[in-house]
Every structure is written in C-alpha cells, then in structure tokens.
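Subject: Structure handover and findings

Hello,

Here is the structure I promised to pass on.

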Amino acid sequence: FLPHGGGNESTCSQCISFHYHKEDSEHVYWTIAEENKRTRKNLNKHGLCRAEKGNKQNCLFFRVENKVSQNKKVTDYFPIRRSNRKTKGEIKSEEHRRIDDLINKNTEEGMEVRQIEGKGRGIFAVRAFKKGDFVVEYHGDLLDLAEAKTREDQYAQDPQTGCYMYYFQYQSKSYCIDATKESGRLGRLVNHSKSGNCQTRLHAIGETPHLILVASRDIKAGEELLYDYGDRSKESITAHPWLKF
C-alpha cells in the first residue's frame, strides 16, 4: 500500500511513520523512520524502500514513479557537448593555404648555401624540419613540353651550362620547371641523392602547378638537404656520374 494523506509525512493503518524523499528526477521514494530522512539507508539495490515493524514482519516495498519526468530527454538535464577538434579535411585545407602563402611570399627559411669541396654549392638546414614539412619551392620558369625541349637543345650547345630542368605531369599534361638561370632562389641548388631527406611534391595554386620539396623524414639542423632527381638514363649518368648515388 501507499502512505495515507498528501503531506510529507503520513501514517498507515499499521502505524508505521514514513517520510517523503525525492531521490532524483526519475523516481520518488518513500523511506521509513526519522533517522533515515534524506538518506538512502533503507533503499535496496533496486531503488525500493524497505519498511519493517519491530517484529520484522509485514515487510513493505514502495516505489512511486515520477510521471512528470518520464517525458524528459537527456538533453533537458545535460547540455550537448560539441567537439572542437578539426576534421582531417579542415586540417588539410589549412595546410594547403599556409603553403600557398609561403610560395606567394617566396619564403625560404631555415636553410643556407654552403660550399662543398669537390661538389660545389649545396643547401644545408639551419633548423630542424619534421617529416612532411614544407622545405622550399623548386622555383623557375613553368614551360610546356615543346618550349622545354627547345631550351634544352639550346643549353646542350654550352657544356658549361648545368641542367636545372625538372619535367613532370599535371592533369594529364607535361610540364617543365626550368631553373637554369641564376636567380638567388635556394630550391635550384638542392643536390641529388638516391637516399635523400626530401622529396618533390606538386602543389597547385589555382590552376598553376608548383614544384615543392618536403621533408621525407625528420631533418636535423646541420644536415645537407638532398632529394632524388629520378634521372636513370644512361646518357645522364654518363654525363653526371653522381646520379648513380
């Protein structure tokens, strides 16, 4: 049975004193005896109240559902927590825009030119780069294939002219970056190694492709920056034996 009356305290026909106790928003419990007021002492593991007479007979269990709370949602009690973490797409887009800015500003930081005995000029890191970091742009004239071949024939007539032409494909079309002309840009001076610490990557700004170097592994300050030119032709290796290494 339920306690009689509508107040916070009422007495049943068995003369047992009860006290109203609102445990939470889901249930309303009736607990017995004054000393248990505002406690869970008489609530069993099922959330029920146990009432006993002195002779431990006529044990009674009560649980009154709070009907008002049944229509509530979790979000009525707890605010929705939204993640502030960026998606992979957002992170990739931000990094692309950052590299756009570095290229447009001709940024070349964290490296310097040094003379190498028996080898000539080389580019050395003066700070650490982490794997995947933008290092430098391979900057030069962007040519289509026909114009690149014309220039290459011209350069071949002068044995003193070095080869600074990099061929690649972009959107099913062949291009070449010609960095033969001295310009003060550092990307053109990065030397070759088949086990280099940098690698080339295409980076488009709008519809224009740019050739950049990124760190293929962590690079320490003081290391020479190197990448694989990728030229394995017999003619090139005969003219430039260092391409074998």
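Below are the conventions, then the findings, grouped by region.

Conventions

This is a predicted model, so local features need pLDDT of at least 70 and side-chain atom pairs count only at pLDDT 80 or more, while totals for chains, interfaces and linings use all residues. Residues are numbered from 1 along each chain as its sequence is written, and side-chain values use heavy atoms, with hydrogens and water left out.

Overall

The protein has three helices and 16 strands. These are DSSP runs, numbered from the N terminus: helices are H or I with at least four residues, strands are E with at least two. Of its 245 residues, 33% are buried. Buried means under 20% relative accessible area, exposed means over 50%, and partly exposed is in between (1.4 Å probe, protein chains only). Take the contacts between residues at least 6 apart in sequence: 54% of them join residues at least 24 apart. Contact means heavy atoms within 4.5 Å.

Cores

A nonpolar core is a set of buried Ala, Val, Leu, Ile, Met, Phe, Trp, Tyr and Cys residues joined through side-chain atoms within 4.5 Å. The largest one holds 23 residues. Met111, Val135 and Leu225 touch the most other members.

Leu225 deserves a look in the viewer. Setting aside neighbours within four places in sequence, its contacts include Met111, Ile123, Val135, Val190, Cys198 and Ile219. Asn191 and Asn197 are also among them.

Helix α1

- Beyond neighbours within four places in sequence, Thr107 contacts Leu102 and Phe134.
- Gly110 is also found there. It is buried, at 16% relative accessible area. Its C-alpha is 5.2 Å from that of Val126, 16 residues apart along the chain. Leaving out neighbours within four places in sequence, Gly110 contacts Phe124, Ala125, Val126, Arg127 and Phe129.

A positive phi also turns up at Gln171, near 50°. Gln171 lies in the loop between β11 and β12. It counts as exposed, at 57% relative accessibility.

Rings and charges

A search of the whole structure finds four aromatic pairs. Rings of Phe, Tyr and Trp (its six-membered ring) pair if their centres lie within 6.5 Å; planes under 30 degrees apart count as stacked, over 60 as edge-to-face and the rest as tilted.

- Phe168 and Tyr175 have ring centres 5.9 Å apart and planes at 20°, so the pair is stacked.
- Tyr170 and Tyr175 have centres 6.5 Å apart and planes at 55°, so this pair is tilted.

Ring pairs link Phe168, Tyr170 and Tyr175 into a cluster. Phe168 is buried at 10% relative accessibility. Tyr170 is buried at 14%, and Tyr175 at 16%.

Which charged residues sit over rings? Lys149 lies over the face of Tyr167, 5.1 Å from the ring centre. The charged end of Arg188 sits over the ring of Tyr164, 4.3 Å from its centre. The criterion is NZ of Lys or CZ of Arg within 6 Å of the ring centre and within 35 degrees of the ring normal.

Best regards
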